[in-house]
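Please read it alongside the sequence and the coordinates.

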Amino acid sequence: MLAGAGLDMRSIAHAATLPDVTFFEIDLPEMIAERERVTKLLPQDYRERRVLLSANFKVDDLAQILRQHPGFDTTLPTVIIFEGCSMYFSESENQRLFRSFLELMNNPLSCVWADFVKLAVVTGRTNNLHITNFLQGMDSLGEAFVFGADDPTQWLKAIGFSTVETISAGEYLNEIDSVLSAYSFSVAKR
């Protein structure tokens, strides 16, 4: 079972190679409607294995929404993908969301995958023109970054995750680059 959020079509891309997986896609109602519109145009949309659920991450309890669905089982191995989201929610909103994820992870193989930016990205103190220009563009779209974590491992452990592995994009790609070092990926387990 895979639970995730975001606009991408990861579930469709992986459905052919993961035939025993049910994909739960959670997003804003308008994003779910757009996803449904786009996937109807595809030759195969794996509708029978994709569950689309509407939610507002700022106010809804994601654990409650998933637990209410008859096809979701917290005892099965679950991967929660929280990609491109943490930077748009305040620290307290992120804490609430990640605690909700913990409630869904009753299998020792379950984990959450998330990405983070460093605090300097949010405060505009990276002294990197590429990051500054990107953030100005996001601000003009009304999508300002509001949260960053310099040490996502410690931040996630403080919430209650016991095992966390974090790597910067630069480390992952084996490149020394200030943009890549400001962005990291974490995998956390209960």
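## Cysteines

Cys85 is buried, with a relative accessible area of 10%, where buried stands for under 20% relative accessible area, exposed for over 50%, and partly exposed for values in between, using a 1.4 Å probe and protein chains only. Cys111 is likewise buried, at a relative accessible area of 12%.

The model is a predicted one, in which local features need pLDDT of at least 70 and side-chain atom pairs count only at pLDDT 80 or more, while totals for chains, interfaces and linings use all residues. Residues are numbered from 1 along each chain as its sequence is written, and side-chain values use heavy atoms, with hydrogens and water left out.

A disulfide is a covalent bond between the sulfur atoms of two cysteines, and here the term is applied to a pair of cysteine sulfur atoms within 2.5 Å. A search of the whole structure finds zero disulfides. Cys85 is in none, since the nearest cysteine sulfur, that of Cys111, is 16 Å away, and this separation is too far for a bond.

## Nonpolar cores

A nonpolar core is taken as a set of buried Ala, Val, Leu, Ile, Met, Phe, Trp, Tyr and Cys residues joined through side-chain atoms within 4.5 Å. The largest such core has 32 residues, and those with the most contacts inside it are Phe82, Phe98, Phe101, Phe116, Leu156 and Phe161. Two or more residues each come from the strands β2 (23-27), β3 (50-54), β4 (79-82) and β5 (111-117), and from the helices α3 (62-68), α4 (91-103) and α7 (152-159); helices (H or I, at least four residues) and strands (E, at least two) are DSSP runs, numbered from the N terminus. Apart from this core lies another, of eight residues, among them Val117, Val121, Leu135 and Met138.

Leaving aside residues up to four places away in sequence, Phe98 touches Phe82, Val112, Ala114, Phe116, Trp155, Leu156, Ile159 and Phe161, a contact being heavy atoms within 4.5 Å.

## The second largest pocket

On a 1 Å grid over the protein atoms alone, a pocket is an open set of points where a 1.4 Å probe fits, with protein on both sides within 12 Å along at least five of seven lines, and lining residues have an atom within 4 Å of a point. About 250 Å³ of space lies in the second largest pocket, the volume being the space filled by probe spheres set on the points, which are joined across faces, edges and corners. Of the 15 residues that line this pocket, Val117, Val121, Phe134, Phe145 and Tyr183 are the closest to its centre.

The helix α6 (129-140) and the strand β5 each supply at least two lining residues, and α6 gives the most, with five. By class, the lining has twelve nonpolar, two polar and one charged residues, with Ala, Val, Leu, Ile, Met, Phe, Trp, Tyr, Cys and Pro counted as nonpolar, Asp, Glu, Lys and Arg as charged, and the others, Gly among them, as polar.

## Loop residues

Ser86, in the loop between β4 and α4, is buried at a relative accessible area of 1%. Not counting residues up to four places away in sequence, Ser86 touches Asn94, Asp115, Phe116 and Phe147.

Asn127, in the loop between α5 (119-123) and α6, has a positive phi near 55 degrees and is exposed, with a relative accessible area of 77%. Asn174, in the loop between α8 (169-173) and α9 (178-181), also has a positive phi near 55 degrees and counts as exposed at 71% relative accessibility.
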